[in-house]
Amino acid sequence: MIKLKTLQNSPLQTLKEEGWKWMLGEDTLPYVTNDMVVVTENTAEAYYKAGNELYEMLIKAAEHVIKHDLYEDLGIPPNLVPLIKYSWENDKGWHLYGRFDLAGGIYGKPIKLIEFNADTATCIPETAIIQWASLKANGFDDSLQFNTLYESLVEAIESLREENQEFHPSLLISTMAGFPEDDTNMEILAEAAKEAGFDVAFENIENVDFSPAEGIFKHSLADGSFTKYDFWFKLIPWEFIAWDEPELCKIITDICMDKKAVVLNPAYTMLFQSKGILKVLWDLFPNHPLLLETKSSPISGKNCIEKVMFGREGANLRIISSTNQTVTFSGGEYAEQKKIYQEFIDFPMDDRGYYYQAGVFYVGESCGLGFRKGGKILDNTAQFCGHLIE
């Protein structure tokens with residue numbers, strides 16, 4: 001059973017005092033509970049080690065996919081394969097950050113990989129700033145949290161700048177219009193990039209100008225000017241670009257290969273993002289203690305969960321019993337995608353019947369822990385719950 005500690009003081013005042021007052025809008029805080037999941041130091045260390053080990057395994061799995069041309073098995077759009085191969089071999093564009101979703105880890109339960117949000121992971125403000133501010137507001141020392149996410153982002157972006165000195169340290173960050181939660185996540189990335197020495201700007205992708213000959217530009221509607229940016233971070237899934245904007249996909253491929261700009265997260269993160277990589281991991285590391293059995297068809301004699309390759313926010317999931325009966329499912333717009341079947345495991349619960357999924361951010365190494373709280377299938381209504389080490 002999950003152990004919780006309810007914090008009485010809101011983090012609002014601490015956020016204001018520390019200069020994060022712009023985070024106080026309606027898009028983040030309502031999803032953050034006043035409860036903290038209580039974990040031991042050993043549990044926090046186990047999550048740290050699990051993230052590091054899983055990332056090394058993912059690298060081997062991605063190498064296997066590339067070597068054996070298994071892109072179709074992972075549902076990878078063919079028009080993105082050239083850029084995936086290029087970005088894997090080219091050391092200019094780094095995988096800046098991602099988030100592991102994990103089951104178990106609480107009170108001796110084994111940690112198990114659910115999936116890796118490698119391309120467009122969110123929950124950055126909640127993990128990096130708000131749970132930290134909650135500790136401070138209630139008189140706890142910040143050493144009582146496994147949380148160096150913000151500092152790790154700053155260090156990673158500093159290294160990115162130092163290793164790419166032929167590029168100007170100018171970063172354009174893009175989201176899709178109408179998703180304020182995405183904008184809040186990118187505000188944190190922007191702050192980290194500024195601290196790392198970058199000039200930073202925002203623009204919705206709809207208003208970004210892409211030139212295969214010259215690079216990536218922000219167009220000012222005020223005076224008609226164009227400003228070039230040598231680094232572009234997009235919180236837009238690669239598969240959306242490949243499927244919905246094939247011409248743009250080709251232009252971005254040309255921009256990267258001609259070294260006109262560095263695009264983050266790089267295209268190879270699609271290999272990690274695809275749920276198909278879960279089957280590759282199981283094939284390469286069968287019965288590994290951090291993995292759940294994953295097949296391309298329902299697993300005989302076991303409860304399992306059907307996942308589409310690129311489903312997001314809990315969409316198009318189906319829990320199947322050991323007798324191949326549907327237990328519950330979620331709707332969504334991804335039903336036509338290829339599917340995999342992962343052994344089902346229950347998340348830890350509290351005494352009110354809510355389930356908790358651990359999230360471990362990875363920025364060069366594991367660097368931040370948080371929990372999402374919700375029903376049996378965690379969707380976009382799930383709340384964020386911070387943690388406290390006791």
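Q: Which residues have the most contacts inside the largest nonpolar core?
A: A nonpolar core is a set of buried Ala, Val, Leu, Ile, Met, Phe, Trp, Tyr and Cys residues joined through side-chain atoms within 4.5 Å; buried means under 20% relative accessible area with a 1.4 Å probe, protein chains only. Here the largest one has 76 residues, and Y47, F100, I252 and F371 have the most contacts inside it. Helix α2 (residues 41-67) gives the most, eleven residues; helices are DSSP runs of H or I, at least four residues, and strands are E runs of at least two, numbered from the N terminus. This is a predicted model, where local features need pLDDT of at least 70, side-chain atom pairs count only at pLDDT 80 or more, and totals for chains, interfaces and linings use all residues. Residues are numbered from 1 along each chain as its sequence is written, and side-chain values use heavy atoms, leaving out hydrogens and water.

Q: What is I252 in contact with, leaving aside neighbours within four places in sequence?
A: Contact means heavy atoms within 4.5 Å. For I252 the list is L83, F210, W232, W238, I241 and V263.

Q: Is strand β19 paired in the parallel or antiparallel sense with β2, and which sense holds for β18?
A: Two strands pair if DSSP finds at least two bridges between them. β2 (residues 32-39) runs parallel with β19 over five bridges, and V39 has I389 as its bridge partner. β18 (residues 366-374) pairs with β19 in the antiparallel sense over three bridges, with F371 opposite C385. In β19 (residues 383-389), six of the seven residues are buried.

How values were computed
Buried < 20%, exposed > 50% of the residue type's maximum accessible area, 1.4 Å probe, protein only.
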